[in-house]
Amino acid sequence: MQNIESYIYLASVILCLILLALSITAFRKSHKGRLIYIMAAFAVFSVYLFWEFLESAQVHFGVFSNYFLSSLVLAVLVLFFLGLSKSK
């Protein structure tokens, strides 16, 4: 973990986990169902960033890693859209 990219990914993971904790707190206070999608998006994005952190630290997962990461990004976008869209 000698390059700056690894530190940036690690800091991003920590920030994303803090935002997830804040979302959980907000959900407990307001009980708004849309926040579940936001919490899920932060959780999935944390996994994505941690995976990128591991890859930047020279841990290789093979050819399916790119498909997995692309799927995570798509999931984050869909979850944020669902969380931000207006409900009935």
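The expected span of a helix is 1.5 Å times one less than its number of residues. Helices (H or I, at least four residues) and strands (E, at least two) are DSSP runs, numbered from the N terminus. Keep both rules at hand for the tour.

This is a predicted model, in which local features need pLDDT of at least 70 and side-chain atom pairs count only at pLDDT 80 or more, while totals for chains, interfaces and linings use all residues. Residues are numbered from 1 along each chain as its sequence is written, and side-chain values use heavy atoms, leaving out hydrogens and water.

**Stop 1: the whole chain**

Show the chain as a cartoon. It has 3 helices and 0 strands. From the N terminus on, the elements run α-α-α. Along the principal axes, the C-alpha atoms fill a box of roughly 45 × 25 × 15 Å.

Of the 88 residues in the chain, 26% are buried. Buried means under 20% relative accessible area, exposed over 50%, and partly exposed in between (1.4 Å probe, protein chains only).

Next, think about contacts, meaning heavy atoms within 4.5 Å. Among contacts with a separation of 6 or more, 63% join residues 24 or more positions apart.

**Stop 2**

Select His31. His31 sits in the loop between H1 and H2. Its phi is near 55°, a positive value in a residue other than glycine. Most residues other than glycine have a negative phi. His31 is exposed, with a relative accessible area of 57%.

**Stop 2: helix H2**

Select residues 34–56, which form helix H2. How far should the 23 residues of H2 span? At 1.5 Å a residue, H2 should span 33 Å, and its end C-alpha atoms are 33 Å apart, which agrees.

Colour the buried residues of H2: Leu35, Ile38, Met39, Ala41, Phe42, Ser46, Tyr48, Leu49, Glu52, Phe53 and Ser56. These buried residues pack against H1 and H3. Then step past the end of the helix. Just after H2, Gln58 takes a positive phi of about 70°.

**Stop 3: the nonpolar core**

A nonpolar core is a set of buried Ala, Val, Leu, Ile, Met, Phe, Trp, Tyr and Cys residues joined through side-chain atoms within 4.5 Å. Select Tyr9, Val13, Cys16, Leu20, Ile38, Met39, Phe42, Tyr48, Leu49, Phe53, Leu69 and Leu72. These 12 residues make up the largest nonpolar core. Helix H1 (4–30), H2 and H3 each give two or more residues to this core. Which element gives the largest share of this core? H2 does, with 6 residues.

**Stop 5**

The whole structure holds 5 aromatic pairs. Rings of Phe, Tyr and Trp (its six-membered ring) pair if their centres lie within 6.5 Å; planes under 30 degrees apart count as stacked, over 60 as edge-to-face and the rest as tilted.

Show the side chains of Phe45 and Tyr48. Their ring centres are 5.8 Å apart and their planes are at 15°, so the pair is stacked. Both lie in helix H2, 3 residues apart, about one turn of the helix. Phe45 is partly exposed at 31% relative accessible area, whereas Tyr48 is buried at 18%.

**Stop 6**

Move to Phe64 and Tyr67. This aromatic pair is tilted: 6.2 Å centre to centre, with 50° between the planes. The two are 3 residues apart in helix H3, about one helical turn.

**Stop 4: helix H3**

Select residues 64–84. The 21 residues of H3 should span 30 Å at 1.5 Å a residue, and the end C-alpha atoms are 30 Å apart, which agrees.

Colour Ser65, Leu69, Leu72, Val76, Leu79 and Gly83, the buried residues of H3. Look down the axis of H3. The buried residues fall within an arc of 90°, so they line one face of the helix. The arc is that of the directions from the helix axis to the C-beta atoms. The buried residues of H3 pack against H2.

Turn to the face away from the buried side. Here are the exposed residues Phe64, Asn66, Tyr67, Leu74, Leu77 and Phe81.

**Last stop: Val63**

Select Val63, in the loop between H2 and H3. Val63 is exposed, with a relative accessible area of 57%. Draw a distance to Phe81. Val63 and Phe81 are 18 residues apart in sequence and 29 Å apart in space, C-alpha to C-alpha.
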